Amino acid sequence: RFLIEAREDYVKQQYPVDLDEIKLLVGEYDTLIRDLGVNRYTLESKRSQAMLYAIYLDQIPFAVDMLQEIIGNQRSGKYLVSQCKVDLGNIYLLDGQPWESTLLYSQVEKTNKESQLGYEAKLHNARLHYYYGDFSLAQSHLDILKEATSRKISNDAIQLSLLIKDNTFLDSTDQVMREFASVELLLFQNRDEQARQKLDSMIQAYASHSIIDELHFLDAKLLRKAGKFEEAV
């Protein structure tokens, strides 16, 4: 099981991601679950498999069914159920259903207060509000997360908070920041071509705005994702 998970980590960090390798991983998880039966370890593997289906293979309804099956399984512990709810929230956001997402994130926050997973759910909620241009609500979450016990979560919260503050303090309408956040949402949803077109037009339109460095950095991320490393550099 750990060998498959290690291979999954490796495959997901290769650019561009090889979809044939993703399909092989899905098959290996199928074999593992069939050979070992349903238990708390293979349910974790099924969770990983569901996210591969949703993010890389564009089989969102199937992935949702898999995660809901894990949530409803009596062998699933409370922590795994909460993890699956966060995953479901991410999938609904991927599918353009933010209200379903925020409901699930909030459930996990409430049932995992003052814990790492609860803070992660709050960070997801902050990003959701950021993606949809509700910066004041996003900041209210981020202000709490800056004091989180996890350095990674705290750093992520500080980074997003600074991004919002640095690019809205001179813009009373927040219009440019809203456009930028919408590009980031497109990238989250794997709508790379739409993101590329919108990003190109923003680089042309806002060459003198404080957002320009973030636009170039996002451009580099897109190029890296496509495997165009020299252009990204």
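1. Let's start with helix 3 and helix 5, which pack at an angle of about 5 degrees with their axes 11 Å apart. Since angles under 35 degrees count as roughly parallel, that makes helix 3 roughly parallel to helix 5. From helix 3 the contact takes L43, E44, R47, M51, A54 and I55, and from helix 5 it takes L80, Q83, C84, D87, I91 and L94. Sorted by class, the contact of helix 3 with helix 5 has eight nonpolar, one polar and three charged residues. Bear in mind while reading that this is a predicted model.

2. Now the other partner of helix 3. Helix 2 (residues 19-36) and helix 3 (residues 40-55) pack at an angle of about 155 degrees, and their axes are 10 Å apart. Here the angle is over 145 degrees, the cut-off for roughly antiparallel, so helix 2 is roughly antiparallel to helix 3. The crossing of helix 2 past helix 3 is left-handed.

3. Which residues of helix 2 and helix 3 make the contact? On helix 2 they are I22, L25, V26, Y29, D30, L32, I33 and L36. Helix 3 answers with T42, S45, K46, S48, Q49, L52 and Y53. By class, the contact of helix 2 with helix 3 divides into nine nonpolar, four polar and two charged residues.

4. N73 deserves a look in the viewer. This residue sits in the loop between helix 4 (60-71) and helix 5 (78-94). Is N73 buried or exposed? Its relative accessible area is 19%, and the limit for buried is under 20%, so N73 counts as buried. Setting aside neighbours within four places in sequence, N73 is in contact with V38 and L43.

5. Next, some backbone geometry to check. Most residues other than glycine have a negative phi, and most peptide bonds are trans. Where is the cis peptide bond in this model? A cis bond joins Y15 and P16, with omega at about -10 degrees. P16 belongs to the loop between helix 1 (2-12) and helix 2.

6. E114 is in the loop between helix 6 (98-111) and helix 7 (116-131). N190 is in the loop between helix 10 (175-188) and helix 11 (192-205). As for accessibility, E114 is exposed, with a relative accessible area of 67%, while N190 is partly exposed at 34%.

7. Zooming out, the protein has 13 helices and zero strands. Read along the sequence, the pattern is α-α-α-α-α-α-α-α-α-α-α-α-α. The radius of gyration is 19 Å, close to the 17 Å that the globule rule gives for 233 residues, so the protein is as compact as a globular protein of that length. Along the principal axes, the C-alpha trace spans about 60 × 40 × 30 Å.

8. Finally, burial and contacts over the whole chain. What share of the 233 residues is buried? Buried residues make up 47% of them. Of the contacts with a separation of 6 or more, 52% come from residues 24 or more positions apart.

Definitions and conventions. Residues are numbered from 1 along each chain as its sequence is written. This is a predicted model: local features need pLDDT of at least 70, side-chain atom pairs count only at pLDDT 80 or more; totals for chains, interfaces and linings use all residues. Side-chain values use heavy atoms; hydrogens and water are left out. Axes are lines fitted to C-alpha atoms, for helices over the stretch in contact, and angles run from 0 to 180 degrees between N-to-C directions. Helices (H or I, at least four residues) and strands (E, at least two) are DSSP runs, numbered from the N terminus. Angles under 35 degrees count as roughly parallel, over 145 as roughly antiparallel, 65 to 115 as roughly perpendicular and the rest as oblique. A crossing is left-handed if the near helix is turned anticlockwise from the far one by less than a right angle, and right-handed if clockwise. Contact means heavy atoms within 4.5 Å. Ala, Val, Leu, Ile, Met, Phe, Trp, Tyr, Cys and Pro count as nonpolar, Asp, Glu, Lys and Arg as charged, and the others, Gly among them, as polar. The radius of gyration is taken over C-alpha atoms; the globule rule is 2.2 Å times the number of residues to the power 0.38. Buried means under 20% relative accessible area, exposed over 50%, partly exposed in between (1.4 Å probe, protein chains only).
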